[in-house]
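Welcome! Take a moment to look over the sequence and the 3D view before reading on.

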Amino acid sequence: MKNNQTKPPILKYFFLSLFLFFPFFLFLFSLKPKHHQNTTTDPTSKTQIHSAGDLKIRPGYASYESYIQRQLHKTLNPKLRQVWTTRDWDRKIQVFVQFFQDLKRKELLFNESKALSIGARVGQEVEALRRVGVSDSVGIDLVPYPPLVIKGDFHNQPFGNETFDFEFSNVFDHALYPDKFVGEIERTLKPNGVCVLHVALSRRSDKYSANDLYSVKPLVEMFKVSEVVHVRKVDGFGLDTEVVFRKKTVI
C-alpha cells in the first residue's frame, strides 16, 4: 500500500479555476467606469468648482439663512458702520468718483443712465455716481441706508426686467451663488446696458467672502448674454481687477 497521499480531484480543479480566472476578474474590474468630478457642481452642494478651479465656493454654510446671518454680522457691525459713515466716507467717495468719471470718458456711463450699485453698504458708490452727474442712482444691500440704499438681496434683485442702463458692484466675492448673482444682473440690465465688476484675483478676499476667484474666465462664462468690453488692473480697496460687460442688444 502506498503511503504518499494525493489531493482529491475536486480540490485540484478548484485551484486550477482560481489560477485561470483570477486575471479575467482583474480585467473586468479595470473596466469599471470611473466617476470624474464635474467642473460645475450643484449650487446646493458645499463646494462649487467652476472653470477648472478658477472659482471656488467656500464651504461651511448649512443653509442659505446661515449665509445671510454671516453677511449681516459684518453689515450690522456698529464699529464698521461708524467707520463707513465717518472716516471712510469722503475717502471712498473720492476714489469711486475717479472710477466713474473714467467710465464716462469711455462712454460706458452717462448722466442719463439709470444706475444701480449692488451690495452698496452705506452708499458711497451711489453718492459718487450722483456727484458725477448720474442722478438716477440707487444701491441695494441686505440692510437699507436711506435715501441712498434700499433693502435687497443681490441673488434676487427687487427690480423688474431690463430696468437699468448701468450696474456696478465690488462685492462679487460675497455671492454664495455666483451664477444667480450674474443672472440677476443680466436680467435687470437693459439691452446694451453696462455692468462693471471690481474683483480680487491676486489676493484672497476677507473672512466674510463666500467665494474665491482666481481668473476672469468664470465671469466670462457666467455672463451668458453679454460681451466683455475690457479687463484692466485697478486699485479699489483691496480689489485689483475691473471687468466690464455690455449686454447684447439681440439675444
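Does S113 count as buried or exposed? This is a predicted model, and in it S113 has a relative accessibility of 6%. The cut-off for buried is under 20%, so S113 counts as buried.

To find S113 in the view, look at the loop that runs between α4 (87-105) and β3 (115-118). Setting aside residues up to four places away in sequence, S113 touches V134, D136, D165 and F166.

## On into the strand: S117

Follow the chain into strand β3 and you reach S117. How does S117 count, buried or exposed? Its relative accessibility is 0%, so S117 counts as buried.

Which residues does S117 touch, leaving aside its neighbours within four places in sequence? S117 is in contact with E125, V126, V138, G139, I140 and F168.

## Helix α4 and helix α5

Now turn to the helices. Two packed helices are described by the angle between their axes and the distance between the axes. Helix α5 covers residues 124-131, and its axis comes within 8 Å of the axis of α4. The two axes cross at roughly 55°, which makes α4 oblique to α5. The crossing in which α4 passes α5 is right-handed.

On the α4 side, the residues that meet α5 are D88, W89, D90, K92, I93, F96, V97 and F100. Their partners in α5 are Q124, E125, E127, A128, L129 and R131.

## Helix α3 and helix α4

Helix α4 also packs with α3, a helix of residues 78-85. The axes of α3 and α4 lie 3 Å apart, at an angle of about 55°, and the two helices are therefore oblique to each other.

Here Q82, V83, W84 and T85 in α3 meet R87, D88, W89 and K92 in α4. The residues of the contact of α3 with α4 divide into three nonpolar, two polar and three charged.

## The whole protein

Finally, step back to see the whole chain. The protein has seven helices and 10 strands. It contains 251 residues, and 45% of them count as buried.

Consider the contacts between residues at least 6 apart in sequence: 65% of these join residues at least 24 apart. The protein exposes about 14,400 Å², and 58% of that comes from carbon and sulfur atoms.

How values were computed
Residues are numbered from 1 along each chain as its sequence is written. This is a predicted model: local features need pLDDT of at least 70, side-chain atom pairs count only at pLDDT 80 or more; totals for chains, interfaces and linings use all residues. Side-chain values use heavy atoms; hydrogens and water are left out. Helices (H or I, at least four residues) and strands (E, at least two) are DSSP runs, numbered from the N terminus. Buried means under 20% relative accessible area, exposed over 50%, partly exposed in between (1.4 Å probe, protein chains only). Contact means heavy atoms within 4.5 Å. Axes are lines fitted to C-alpha atoms, for helices over the stretch in contact, and angles run from 0 to 180 degrees between N-to-C directions. Angles under 35 degrees count as roughly parallel, over 145 as roughly antiparallel, 65 to 115 as roughly perpendicular and the rest as oblique. A crossing is left-handed if the near helix is turned anticlockwise from the far one by less than a right angle, and right-handed if clockwise. Accessible areas come from the Shrake-Rupley method with a 1.4 Å probe; for residues, only the protein chains shown count as cover. Ala, Val, Leu, Ile, Met, Phe, Trp, Tyr, Cys and Pro count as nonpolar, Asp, Glu, Lys and Arg as charged, and the others, Gly among them, as polar.
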